[in-house]
Amino acid sequence: MAGPIEQFEIRPIVELGEIAGQQIVFTNSAMYMLLTICVAAGFLLLSSRRGALVPNRWQSSAEMLYEFVSKTLRDNAGEQGMKFFPLVFSLFMFILAANLIGMLPYAFTITSQIIVTFALAMLVFFTVIIYGLVQHGLKFFRLFMPSGVPIALAPLIVPIEIMSFLSRPVSHSVRLFSVMLAGHITLKVFAGFVIGLGSLGTLGLVSAVLPLAMVVALTGLEILMGVIQAYVFAMLTCMYLNDALHPAH
């Protein structure tokens, strides 16, 4: 039986050639990224194609997700933050779809790859920097000196704020990556207990009931965590974007 780590292995599917000696390969990770985009976009397009005054359950679901993300953005970045709604909503739907697809049997969970979550976090990070500098110029750096702090504390506060700002992509990406990685490993370990005990005969089958119950419970918990982590990533994105909109605060 495959170990709990092998489910995260990136495997080549189609070789596309070489560029400057570097092999270009279409992998299972890339395939599931495309699948995630298709599922998220397909759900939104199909659920909103009619635009009925009295929505059905699919349209209601899409509208609930829309309102949920817009409320999160307004609560954390104000009304001005709505200009970033397409970015925040796209990130939320992509991560949510990826986490839920990863719960299917034999599926690949792209959010369990640190390179994927780090790329998403860096997208937010550079958006904050570029928009902050374009919109506020050098005043953007007031972000590192919170209002109301005595100037005498600047040599202490400014380095701390800079380090905190530079560490955002790490904490933003590792949180999602670690939760999904740990959850899937735990599921695979308990599933391995079920299979191993079940192969021992009648006594083993009886003993396998407890780990089987744990697998069922952990599956529900992992689905819940997939939804929560999509929300947490979106919420932190809104909070970071608020710094680009209001660096003086």
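1. Strand E1 (residues 12-19) gives four residues, the largest share of the nonpolar patch. Helices (H or I, at least four residues) and strands (E, at least two) are DSSP runs, numbered from the N terminus. The patch covers about 520 Å² and is made by Ile-13, Val-14, Leu-16, Ile-19, Ile-24 and Met-31. Patch members have over 30% relative accessible area and no salt bridge, with nonpolar side chains (Val, Leu, Ile, Met, Phe, Trp, Tyr) joined within 5 Å; a salt bridge is a side-chain nitrogen of Lys or Arg within 4 Å of a carboxyl oxygen of Asp or Glu. Areas come from the Shrake-Rupley method with a 1.4 Å probe.

2. A friendly reminder: this is a predicted model, where local features need pLDDT of at least 70, side-chain atom pairs count only at pLDDT 80 or more, and totals for chains, interfaces and linings use all residues. Residues are numbered from 1 along each chain as its sequence is written, and side-chain values use heavy atoms, leaving out hydrogens and water.

3. Ile-24 lies in strand E2 (residues 22-27). Its relative accessibility is 32%, so Ile-24 counts as partly exposed (buried is under 20% relative accessible area, exposed over 50%, partly exposed in between).

4. Now to helix H1: its buried residues are Asn-28, Ser-29, Tyr-32, Thr-36, Ala-40 and Ser-47. They sit on the same side of H1, because they cover an arc of only 110° around the axis. On the other side, Cys-38, Leu-45 and Leu-46 are exposed.

5. The cover over the buried residues of H1 includes E1, E2, helix H2 (57-77) and helix H3 (85-101).

Conventions
Patch = residues over 30% accessible without salt bridge, like charges linked within 9 Å, V, L, I, M, F, W, Y side chains within 5 Å. Buried < 20%, exposed > 50% of the residue type's maximum accessible area, 1.4 Å probe, protein only. Arc of directions from axis to C-beta. Contact = heavy atoms within 4.5 Å.
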